[in-house]
Amino acid sequence: MTLCYIPLLDGKQIKPEGYALVEQAKKLGDSVTAFIIHCGIDEQTIRLDCEDVHLIELPEKQWPISSIHIEAFRSFQEKRTDEAILFSSSPMANEIAAGLAFKLDRPLVNNVMDAVRENQHLSIKKEVYGGKACLYDETGLCSIITYDSAFLPPVKSETDRRAPAFHLHIKAEGNANIRFIEKKKLGWEEIGLTEAACVIGIGRGVYSLDGNNRLDMIKELAKVFNAPVGGSKVADELKLVPKERRIGSSGVSLDQADIYIAIGISGSSQHLDGIKNVKHILAINIDPAAPIFKRADLGIVSDFKEAVPQLVEIIKNKSGVNNSENISHLKASV
Ligand SMILES: Cc1cc2nc3c(=O)[nH]c(=O)nc-3n(C[C@H](O)[C@H](O)[C@H](O)COP(=O)(O)OP(=O)(O)OC[C@H]3O[C@@H](n4cnc5c(N)ncnc54)[C@H](O)[C@@H]3O)c2cc1C
């Protein structure tokens, strides 16, 4: 038996990775159980191709606290003999998985690309050396596994099956020292490059010797998409972006981003390495032969000083300034 911790958006809606996680779970055992900790999910929307679904409802203010999930999960797990427990990697899921591994004294394997069952162990595949190589390893059947969400392709539930649902009433206190205070939407300047759905990257093409780099235009674009700004190694060396915002083989890798907007970036192999898992790429470059266009879904051959203000205008007129709507518009275009 395999247990899946189904990831939710705001505690109320199953994330696409949840369906992919159930598909992965089927590779590990003959029966799959879904475990959902929510704060008001509409049960009619739960269509998971699994044996059964166990639900625990938390008050809305308790849902964002991972120690309460760990406690609830542990109480539920005590009565069961599940084999592997699967999570889709995210900051909160990783915390819950680690806490649970500690409480249940089980092995934990993080950021797995794939796992299959082989006799009395699980064979797992992981990325190593910044994605340049794969490691194949073995772990016990009772392991707790977090899947790298970049390798959990978002799938829509194709099943009409409504597995029997069981409601559990568990008094989970969590850590009394942790209280939910407020929920705040992060602005583009605060969102980490590795967490954002949409990221803007700038390169040497944005640099101007006279010091007038027109970063104001880039900031305007960042605002309409609520997207953090990173850059190439050259952008980092020219002080257009801070060092920790370098994207590429010697910087960060954008594993969560749906959209990357590359502005004045040629598309060197080292830079492409950092964006290999991005789903859609929009490139703005003055040179039609720039290699970035080979990797881009949508290319704009233009001076960025002309293209960026127009892009900002189009997006503003089309959808107001709502980040998620803007991302869907852009996704539909690329
Ligand atoms: C060991 C090693 C590690 C490295 N690691 C990284 C890394 O992690 N990340 C990384 O990015 N690089 C890395 N590099 C550097 C990499 O090889 C490239 O030099 C770098 O990516 C180029 O940056 P760029 O695209 O900003 O600049 P360039 O290659 O100079 O490209 C600038 C682009 O801007 C365009 N342009 C110019 N003016 C305009 C305009 N007005 N409007 C629109 N477009 C314009 C040009 O046509 C050109 O395509 C590494 C190199 C080495 C050797």
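Where is the place of Asn 226? In this predicted model, Asn 226 is found in the loop between H4 and E13. Its phi is near 50 degrees, a positive value in a residue other than glycine. Most residues other than glycine have a negative phi. Asn 226 counts as buried because 22 C-beta neighbours lie inside 10 Å, and the cut-off for a buried residue is 20 or more.

Asn 111 is partly exposed because 16 other C-beta atoms lie within 10 Å.

The wider division of the chain may now be considered. The protein chain is divided into domain 1 (2-168) and domain 2 (198-333). The centres of these two domains, taken over C-alpha atoms, are separated by 33 Å. Where the domains touch, four residues of domain 1 are in contact with six residues of domain 2. On the domain 1 side, the touching residues comprise one nonpolar, three polar and no charged.

Five strands form an open sheet with parallel pairing, in the order E13-E12-E14-E15-E16. Strand E13 (229-231) and strand E16 (298-301) stand at the edges; each has a single partner strand, so one side of each is left without a neighbour in the sheet. On average, and with direction ignored, neighbouring strands of this sheet are turned by 20 degrees against each other. Helix H4 (residues 215-225) packs on the sheet, where it touches strand E12 (198-202), E13 and strand E14 (259-263). The direction of H4 makes about 170 degrees with that of E12.

E12 pairs with E14 in the parallel sense over five bridges, and with E13 in the parallel sense over three bridges. Gly 201 illustrates both pairings: this residue stands opposite Ala 262 in E14 and opposite Gly 230 in E13. In a regular strand the side chains alternate between the two faces of the sheet. Cys 198, Ile 200 and Ile 202 point one way from E12, while Val 199 and Gly 201 point the other way. E12 is mostly covered, with five of its five residues buried.

Further along the sheet, E15 and E16 pair in the parallel sense over four bridges. Within this pairing, the bridge partner of Asn 285 in E16 is Val 301.

What does Arg 295 touch, not counting residues up to four places away in sequence? Arg 295, which lies in helix H7 (residues 292-295), touches Gly 267, Leu 272 and Ile 281. Arg 295 and Ile 281 are 14 residues apart in sequence, and their C-alpha atoms are 7.2 Å apart in space. Arg 295 counts as partly exposed because 17 C-beta neighbours lie inside 10 Å.

Finally, the surroundings of the ligand can be described. There are 27 residues around the ligand, and those that come nearest are Gly 203, Gly 205, Ser 232, Gly 248 and Ser 266. Helix H5 (233-237), helix H6 (269-274) and strand E15 (280-285) each supply at least two residues of the shell. The residues of this shell divide into eight nonpolar, 14 polar and five charged.

Terms used. Residues are numbered from 1 along each chain as its sequence is written. This is a predicted model: local features need pLDDT of at least 70, side-chain atom pairs count only at pLDDT 80 or more; totals for chains, interfaces and linings use all residues. A residue is near a molecule or strand if its C-beta atom, placed from the backbone, lies within 6 Å of it. Ala, Val, Leu, Ile, Met, Phe, Trp, Tyr, Cys and Pro count as nonpolar, Asp, Glu, Lys and Arg as charged, and the others, Gly among them, as polar. Two strands pair if DSSP finds at least two bridges between them. Axes are lines fitted to C-alpha atoms, for helices over the stretch in contact, and angles run from 0 to 180 degrees between N-to-C directions. Two residues are in contact if their C-beta atoms, placed from the backbone, lie within 7 Å. Domain bounds come from an automatic or database domain assignment. A residue is buried if 20 or more other C-beta atoms lie within 10 Å of its own, exposed if 12 or fewer, and partly exposed in between; C-beta atoms are placed from the backbone.
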